[in-house]
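Subject: Structure handover

Hello,

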Amino acid sequence: MVKRGSGHLLRSLIPAVALAGPPLFAPPAATLRAAPCSCCPLALCTLQPLLVCLRARVDAASVGVRSLASIPSLPPAVADFVRRAADECKPARVHVVTGTPQETANILAGLEIEGMVKKLPKYENCWLARTDPKDVARVESKTVIVTKSQRDTVPIPAGGAKSQLGSWMSESDWQAARQERFPGCMAGRTMYVIPFSMGPVGSPLTKYGVQVTDSAYVVASMGTMTRMGTPVLNKLSEGAEFVRCQHSVGRPLPLKAPLVNSWPCNPEKVLISHLPDTRQIMSFGSGYGGNSLLGKKCFALRIASRIAKDEGWLAEHMLILGITNPQGVKRYVAAAFPSACGKTNLAMMKPALPGWKVECVGDDIAWMKFDSQGKLRAINPENGFFGVAPGTSNKTNPYAMATIAKNTVFTNVGETSDGGVWWEGLDPPPAGVTLTDWHGKTWQKGSSTQCAHPNSRFCAPAAQCPIIDPQWESAEGVPIDAIIFGGRRPEGVPLVYESFNWQHGVFIGASMRSEATAAAEHQGKVIMHDPFAMRPFFGYNFGDYLAHWLSMQTRKAPTHLPKIFHVNWFRKNPANGAFLWPGFGENARALEWIFKRCGREREEEAAKRSIIGWLPEDGAIDTKGLGSDVDMGALFDVPRSFWQKETKELRAYFSQQVGADLPAQMEAELKALEERVHK
Ligand SMILES: *[C@@H]1O[C@H](CO)[C@@H](O)[C@H](O)[C@H]1NC(C)=O
Ligand SMILES: [Mn+2]
């Protein structure tokens, strides 16, 4: 039995009302016949979209959906953006997204008919998508920032080396690349118009965006990851500024070649481009994650970091958590780790220390601004979690497991024969339940391939997290007492240490290194530089970014600045390669020390000076209940020889990659560290 009168078909008519010019929903009949509709769950408009839309209008009116006459037109600036995008991309239809649950349900139903997602009957409203295996992760080599001069985007590396701190594209090259990709790229498809908000609608820290896209999967995901639809459109009607985001999977209809897994994408032509001067994002060829959900890395980090520089705040690749001690005192911290480094696990940590409580504000991005009292306030601009699935389990992250039990879209995970999901790190399914891998093939334990793709993801509403912080949507943001940097460091770097001061803390952020992650293209066990965990996400020259961070100490009294720490959960025993620290809930022991240091009355309280910063003094880390095989001596050892090598590597990196753009204060910190490690 087919349901009639879906409101979203009615809304397909909005732009025809709001925009002058030729009707967008009536392209030549020949295109339409070849074009399966990507929005209509009835799949009827394949042949006669105009007729079906009109019929839907009658049906919708009969069930009380608002009439055509009452639909407000798009705000002029949005209408102008949509008009231009439609003129360029030539979609068959335009659908302005309202964000209602019924609309989301219709979009998922349409995706199911197209074969892009399937329902997971084991759970409530959960879906599984399998992508084209060529479209499984962010593509850093095809991600560019377009500015007038190269130096606006990246420092100029010494000796003609390639910058590792971003990719610049000239305006003329970008014009040519755009011409090669976007004209007619949405032919036969629906162009969705997504008004979205990064941050709670109405918060002074919030920014708005409008994304046009020809991917219904993107609409469904953006509905979880952002606040999306009519409330945002209302803000834009009041004249709020917005970032212009244009996205296409790059597979106009009729198709020239068959799709793989019903997943449209154009891997040969992928280009993720950012124009920070005009606050624009243009993304082509990929339907996956950070390439296509433009609110996330593209907007909330690359474009927002540039807006933040212009406006005097910080847009960072950081989780935000609240931690409460047994006496009920609460502090908030923000922490930067490279992708897939355990950030989501820390953000939702279940502390192993009795009486302590962690609550989650966000797991990936923090926007932070000093308030009128001089306190740094942070919001999580996102509305959901787009987390790496493999390794997530009731053992590593029970709260994430609870979060993803309903209303979740899984991408490229394995599937169980009883309609559930599975990935590496979960217990084997019970006897009689078989597995299908992310390619859709039968999979058995012991196979040489992986059941779930290492970068497979869950996309789930943040509000479903059992330990979501009561203040997570607070308009003014939560007050940040500490900033934590970290990475995967098998050698030499202690479990936790604190910077001597803000400037030294900025240097520690700039010096971050970590073993490479699955989200990036770099594979293997290389210890890569990843300053501030922002290496793939800087929206402007890293030297200017450092200067911007340093400027915070002249804006605010030192007493107001958060304390800066570095942690490393991943140090190994060189003798057997085993991790020295159990991690997960036990990380609360390091957080406890950080918590205490934030409230200290004397600089050396619970701490001793070392060549790299303040270390916990002996006994300052609570080890009660920790296995006796944990070697605290080895965890806090700071070998001079290691740090001499590290310092040499840092000098080479800064001089090659940052060169003349390295602020003098950073050079001074490097020199001071060199002196301390060689003394
Ligand atoms: C995790 O624990 C919850 C609550 O005990 C349970 O309902 C769920 O089935 C568990 N999930 C897995 C994958 O073991
Ligand atoms: Mn991330």
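Strand β13 is covered on both faces: Met-318, Ile-320, Gly-322 and Thr-324 are buried on one side, and Leu-319, Leu-321 and Ile-323 are buried on the other. Here, buried means under 20% relative accessible area, exposed over 50% and partly exposed in between, with a 1.4 Å probe and protein chains only. In a regular strand the side chains alternate between the two faces of the sheet. β13 covers residues 318–324, and seven of its seven residues are buried.

This is a predicted model, in which local features need pLDDT of at least 70 and side-chain atom pairs count only at pLDDT 80 or more, while totals for chains, interfaces and linings use all residues. Residues are numbered from 1 along each chain as its sequence is written, chains are lettered from A and ligands numbered from 1 in the order written, and side-chain values use heavy atoms, without hydrogens and water.

β13 pairs with two strands (pairing requires at least two DSSP bridges). With β14 (residues 330–336) the pairing is antiparallel over seven bridges, and Leu-321 has Val-333 as its bridge partner there. Five residues separate β13 and β14 in a hairpin, where Gly-328 in the turn has a positive phi of about 90°. With β15 (residues 357–362) the pairing is also antiparallel, over five bridges; Ile-323 is bridged to Val-358.

For the chain as a whole, there are 20 helices and 31 strands, these being DSSP runs (helices H or I, at least four residues; strands E, at least two) numbered from the N terminus. Of the 679 residues, 61% are buried.

Regards
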